[in-house]
Amino acid sequence: MERLLTRDARMAPARGVWHGSRAVPRWLHGTLPGAWVALLFACLSFTPSLLPRTGPFQGFVSGMSAAIGYGLGVMGAWLWREFAHRPARTPRPRAWQGFFVAGGVALVAALLLGWQWQRHIRELMGMPHPGSVGYLFAPAIAAFVFFLLLFVGRGLRAVYRGLDARLARHIGPRAARAMSVLAVVALTFLVASGLLKDGLISMADRTLALQDTTTEQGVFQPDTALRSGGPGSRVEWESLGREGRNFVGRGPTVDELSRFSGTDAKEPIRVYAGYASAPDAEGRAELAVQELERTGAFQRAHLLVVTTTGSGWVVPEAVNAFEYVTGGDSAIVATQYSHLWSWLSVLVDQKKAREEGRALFDAVYERWSRLPEGQRPKLQVFGESLGSYGGETAFSGERDLANRTDGVLFVGPPHFNTLYREFTDQRDPGSPEVEPLYRNGRTVRFSRRPGEAIPPANAPWGPSRVLYLIHPSDPIIWWSPGLMVKRPDWLREPRGPDVLGAMVWIPFVTFWQVTADLPLGMKVPPGYGHVYTGEHVDGWVALLQPKGWSADKSARLRELLKPEP
């Protein structure tokens, strides 16, 4: 009997941890250091970030933040015990009572302050406030997300302990613990990467590849030889993909261009090679050049090379504005390198974007440079978001951009763009990161509002112009792993006009806050976040300097190109 009681006493901690007079199952047991850090991270998640959030989404972010904080708190406490050679101690009931009282007060205060900050952000961007009812769901959703992630973590811990117990029978305890940790880490990595690559990415690729075979309503095969997929084209209509068919099947007509300009316009040329049009980037680029030659694109006044986003999307407002500003005396060429959405391409298709951007521009430039100097069209380059990343890869720096192009428009560049980072990091002293000056703007300039004077307004801007359009509230531009440990200049210097002054840098927290802003970048009005609708007009006018153009024309064209709600 004594042996049985002794055995039961040893097993009791495995079944539950005592709090007061009731036993709590071990899988519900929490550590006080982890709980305090989780509370801190949950409260900090309500601090303002770049873009406004709904109540349910704020709850999701807060739950994730609390789970991250709990993990860091548990790890920190464990490291402290290891270095101090102290065993884990069970907190007193009063310690937990104090935590729950302080936690309740802190969460209510954070919720109220967060609601006020969200209201101010929406006012900055001219957005209506959704009211406070939806925001009341944030705590419940945060709790659900937190406990879900906590249980996942507990499951991994159970796997570790099981492996440790089995291995300890055959090898030493330290070796068993080390092997168990490595096994769980490797298993977690394999499962996570497998779910991402073989699950999400493969499923997305299959789904979007199937979608590429469809055609949007109202889009028809061109009946003009000046478009890929039309009569005499070397590119089959079926191989263009969904976005390629949208690009060549839409756009302003000659009549629309003529009515806007008040003069006779030319029919624009649009050339496209889809992912299925050729087996690789070089093949698609060569096919696109053949299409340019067939359509007479090298005899036009302007030739625009576009690097698409991951799915092959060509920003319609940007290319339509280019054709209106040039009066249709233009040719536009683009190719597709992936089926995936742009944000997913950032994770897995950066190499493809580099290869496609470089291959297309180099092929076009090689053919363009063989023309007599007086008979070459003006050569321009465009890329938005991930397209700007692919477009940059064809050039080595400022001089290369100036020597090989007549104008470049890059919009909403991701933080990892090589040239964008070079121009920003090496900006002139005294200029802010949200609107930098690079070598007094002799070639490369940045603008938050291209309809206004682009700084430095009084300095000469060369005949070959490079313009970056950026928004201080665009998370695509500022997202970087470096936010975890280093305060960025854009939060050290005066904020942009669309960023709340109350936003501050907090280690780890700011990185997660800006990460949570990424899916919200397109859910704000034009002029904020990652929405540059209407600004392409002013960007092209600044670069192309069309004769007889006026501010009234720009305003009319912005209104004309405004997408339907």
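The structure holds 1 cavity of 30 Å³ or more. This is a predicted model, in which local features need pLDDT of at least 70, side-chain atom pairs count only at pLDDT 80 or more, and totals for chains, interfaces and linings use all residues. Residues are numbered from 1 along each chain as its sequence is written, and side-chain values use heavy atoms, leaving out hydrogens and water.

On a 1 Å grid over the protein atoms alone, a cavity is a set of points where a 1.4 Å probe fits but cannot get out; a pocket is an open set with protein on both sides within 12 Å along at least five of seven lines; lining residues have an atom within 4 Å of a point. A volume is the space filled by probe spheres set on the points, which are joined across faces, edges and corners.

The largest cavity contains about 70 Å³ of space. Its lining consists of Thr 47, Pro 48, Ser 49, Ala 502, Met 503, Val 504, Ile 506, Val 509, Thr 510 and Gln 513. By class, 6 of these are nonpolar, 4 polar and none charged (Ala, Val, Leu, Ile, Met, Phe, Trp, Tyr, Cys and Pro count as nonpolar, Asp, Glu, Lys and Arg as charged, the others, Gly among them, as polar).

The largest pocket holds about 2,000 Å³. Among its 42 lining residues, Val 74, Met 75, Trp 78, Arg 81 and Arg 157 lie nearest its centre. The lining divides into 25 nonpolar, 7 polar and 10 charged residues. H3 gives the most, with 12 residues (helices, H or I of at least four residues, and strands, E of at least two, are DSSP runs numbered from the N terminus).

H3 (residues 55-84) also packs against H2 (residues 32-44), at an angle of about 145 degrees and with the axes 7 Å apart. Axes are lines fitted to C-alpha atoms, for helices over the stretch in contact, and angles run from 0 to 180 degrees between N-to-C directions. In this pair, residues including Val 37 and Phe 41 of H2 meet residues including Ile 68 and Leu 72 of H3, contact meaning heavy atoms within 4.5 Å. The contact has 12 nonpolar, 5 polar and no charged residues.

The axes of H10 (residues 316-325) and H20 (residues 551-561) come within 11 Å and cross at roughly 140 degrees. H10 is therefore oblique to H20 (under 35 degrees counts as roughly parallel, over 145 as roughly antiparallel, 65 to 115 as roughly perpendicular, the rest as oblique). Glu 317, Asn 320, Ala 321, Tyr 324 and Val 325 in H10 meet Leu 557, Leu 560 and Leu 561 in H20.
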